[in-house]
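Colleague: Thanks for making time for this. Could we go through the model together, one question at a time?

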Amino acid sequence: MSTRTVGIIGAGAAGTSAVKTLHTSEADVEIDLLARSGERPYNRTLVNKGVALGLLEPDQAALSVTDTRTSTDTVRSVNPQTREVHLASGKTRAYDALVIATGSRPRTLDETIIGRDQAVSAGQLTTLHSIADAVRVRNLLAGTHPTRVLILGGGLVASETASLLIEAGHDVALIARSLVPGATAIGEHVARRLLDLSQPQHATYLGRQPRAIRTHADRITIILDDGTHVEGDLAIVAHGTLAAAPAPWTGPEGIPVDGHLRALHAPRQRIYAAGGVAVHHYPGHSSYRIDHWEDSSAKGTTQRGPCCMTSP
Ligand SMILES: Cc1cc2nc3c(=O)[nH]c(=O)nc-3n(C[C@H](O)[C@H](O)[C@H](O)COP(=O)(O)OP(=O)(O)OC[C@H]3O[C@@H](n4cnc5c(N)ncnc54)[C@H](O)[C@@H]3O)c2cc1C
């Protein structure tokens with residue numbers, strides 16, 4: 001049997017677990033792992049829990065990928081017809097089957113918020129999604145102690161980051177559009193209980209949204225829609241994620257897949273999507289993405305090898 005090439009785009013939870021599964025289950029498959037330019041594969045869950053707090057160095061969050069041809073060259077586009085991917089360097093790679101495991105990108109603040117871009121350029125407004133974000137936050141936290149950190153968002157990453165920063169001795173204020181942060185993810189009852197437990201530890205501005213941001217030399221002021229001014233040394237946006245994929249799937253909606261993780265818009269092309277980039281759909285229900293580490297790792301193992309990679 002001739003060797004076939006499986007291209008895997010993205011070296012995070014789903015991509016690295018697809019590599020491990022193919023290595024152990026298929027002898028006649030050559031794996032071509034394509035990671036983002038300038039980026040060593042890493043465990044994203046350690047961005048806020050380890051690196052941002054200075055508990056881990058970026059290298060300590062690295063994922064190990066052994067015995068696999070790995071290129072750090074961002075994939076710009078996929079051509080399902082020719083079975084090729086086009087890389088940022090201008091190179092092209094051919095594949096017999098392709099696993100797209102490019103995960104997600106952070107939602108940013110709305111562009112209509114006055115002063116948003118200035119705050120980002122000054123380094124006082126950031127997302128907390130990548131190792132680069134974590135290093136930026138870590139450096140700012142090292143500047144003053146305690147640092148006054150404004151967290152924008154009411155989801156799990158926002159709440160967890162708030163707790164971690166409080167434990168590390170910083171002053172935290174949480175600004176969320178929701179009146180009960182986390183209610184959509186963990187249910188109203190549990191979310192309300194967590195809110196009751198956390199509220200004495202930090203300031204909360206719930207049911208409100210930022211309207212404008214003023215950047216000063218040493219601090220940032222967020223002006224809320226009810227006119228309240230909230231001041232801090234740093235603001236972190238944790239407004240969830242959107243799918244991130246190369247063309248032709250560059251929109252925020254991700255890659256719709258069937259029950260075997262086959263990309264629906266490239267039928268019979270041996271293209272699969274796993275992890276935070278994949279959009280699932282059950283008849284009668286709305287579409288959804290699952291952006292969690294364990295689920296992404298598990299979905300990465302669904303790439304079963306040539307039996308499914310060679311038949312559409
Ligand atoms: C701060 C933070 C904390 C989190 N904590 C938890 C937690 O405690 N528990 C939990 O379950 N989940 C957590 N998550 C979510 C979890 O990290 C993700 O759900 C998981 O990493 C998704 O796996 P993935 O493989 O789909 O994407 P990722 O792990 O993000 O991997 C995708 C990879 O693809 C690369 N890539 C993207 N585009 C391209 C391209 N065009 N070419 C080449 N490479 C590309 C990316 O750079 C990245 O390395 C957290 C997320 C964040 C941001």
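Colleague: Which residues of α8 does α1 meet?

Modeller: A reminder before we start: this is a predicted model. From α1, the residues taking part are Ala13, Ala14, Gly15, Ser17, Ala18 and Thr21. By class, this contact of α1 with α8 has four nonpolar, six polar and one charged residues. On the α8 side, the partners are Trp293, Ser296, Ser297, Lys299 and Gly300.

Colleague: At what angle do α1 and α8 pack?

Modeller: Two packed helices are described by the angle between their axes and the distance between the axes. Here the helices are α1, residues 13-25, and α8, residues 293-300, and their axes are 7 Å apart. The crossing of the pair is right-handed. The packing angle of α1 and α8 is about 35°.

Colleague: Let's turn to the ligand. Which residues are the closest to the ligand?

Modeller: The shell around the ligand has 33 residues. Elements giving two or more residues to that shell are α1, β2 (29-35), α2 (46-51) and α8. The closest residues are Gly10, Gly12, Gly103, Gly275 and Ser296.

Colleague: How many residues of the shell around the ligand are charged?

Modeller: Domain 1 and domain 2 each supply at least three residues to the shell. Its residues include 15 nonpolar and 13 polar ones. The charged residues of the shell number five.

Colleague: How far apart do the C-alpha centres of domain 1 and domain 2 lie?

Modeller: The domain assignment gives domain 1 as 4-53 + 62-105 + 242-309 and domain 2 as 116-239. Between their C-alpha centres the separation is 31 Å.

Colleague: And how many residues does the contact take from domain 2?

Modeller: On the side of domain 1 that touches domain 2, the residues divide into five nonpolar, one polar and one charged. Domain 1 gives seven residues to the contact. From domain 2, the contact takes 14 residues.

Colleague: What is omega for the cis peptide bond that joins Ala247 and Pro248?

Modeller: Pro248 sits in the loop between β17 (241-243) and β18 (255-256). For the cis bond joining Ala247 to Pro248, omega is about 10°.

Colleague: Is Arg83 buried, partly exposed or exposed?

Modeller: Arg83 has a positive phi of about 55° although it is not a glycine. Its place is the loop between β4 (75-79) and β5 (84-87). Because 18 other C-beta atoms lie within 10 Å, Arg83 is partly exposed.

Colleague: Does Arg268 count as buried or exposed?

Modeller: Arg268 lies in the loop between β18 and β19 (271-273). Phi is near 60° at Arg268, a positive value in a residue other than glycine. Inside 10 Å there are 9 C-beta neighbours, so Arg268 counts as exposed.

Colleague: What about Pro210: buried or exposed?

Modeller: Pro210 belongs to strand β13, residues 210-215. Leaving aside neighbours within four places in sequence, its contacts are Leu109, Ile113, Leu152, Ile175, Ile222, Ile223 and Leu224. Since 24 C-beta neighbours lie inside 10 Å, Pro210 counts as buried.

Colleague: Which residues is Ile131 in contact with, leaving aside its neighbours within four places in sequence?

Modeller: Ile131 lies in helix α4. With 20 C-beta neighbours inside 10 Å, Ile131 counts as buried, the cut-off for that class being 20 or more. Outside its sequence neighbours within four places, the contacts of Ile131 are Tyr42, Val47, Val51, Pro58 and Ala61.

Colleague: One more, please. What distance separates the C-alpha atoms of Asp226 and Gln209?

Modeller: Asp226 has its place in the loop between β14 (220-224) and β15 (229-232). It is exposed, because 10 other C-beta atoms lie within 10 Å. Along the chain, Asp226 and Gln209 are 17 residues apart.

Terms used:
Residues are numbered from 1 along each chain as its sequence is written. This is a predicted model: local features need pLDDT of at least 70, side-chain atom pairs count only at pLDDT 80 or more; totals for chains, interfaces and linings use all residues. Axes are lines fitted to C-alpha atoms, for helices over the stretch in contact, and angles run from 0 to 180 degrees between N-to-C directions. Helices (H or I, at least four residues) and strands (E, at least two) are DSSP runs, numbered from the N terminus. A crossing is left-handed if the near helix is turned anticlockwise from the far one by less than a right angle, and right-handed if clockwise. Two residues are in contact if their C-beta atoms, placed from the backbone, lie within 7 Å. Ala, Val, Leu, Ile, Met, Phe, Trp, Tyr, Cys and Pro count as nonpolar, Asp, Glu, Lys and Arg as charged, and the others, Gly among them, as polar. A residue is buried if 20 or more other C-beta atoms lie within 10 Å of its own, exposed if 12 or fewer, and partly exposed in between; C-beta atoms are placed from the backbone. A residue is near a molecule or strand if its C-beta atom, placed from the backbone, lies within 6 Å of it. Domain bounds come from an automatic or database domain assignment.
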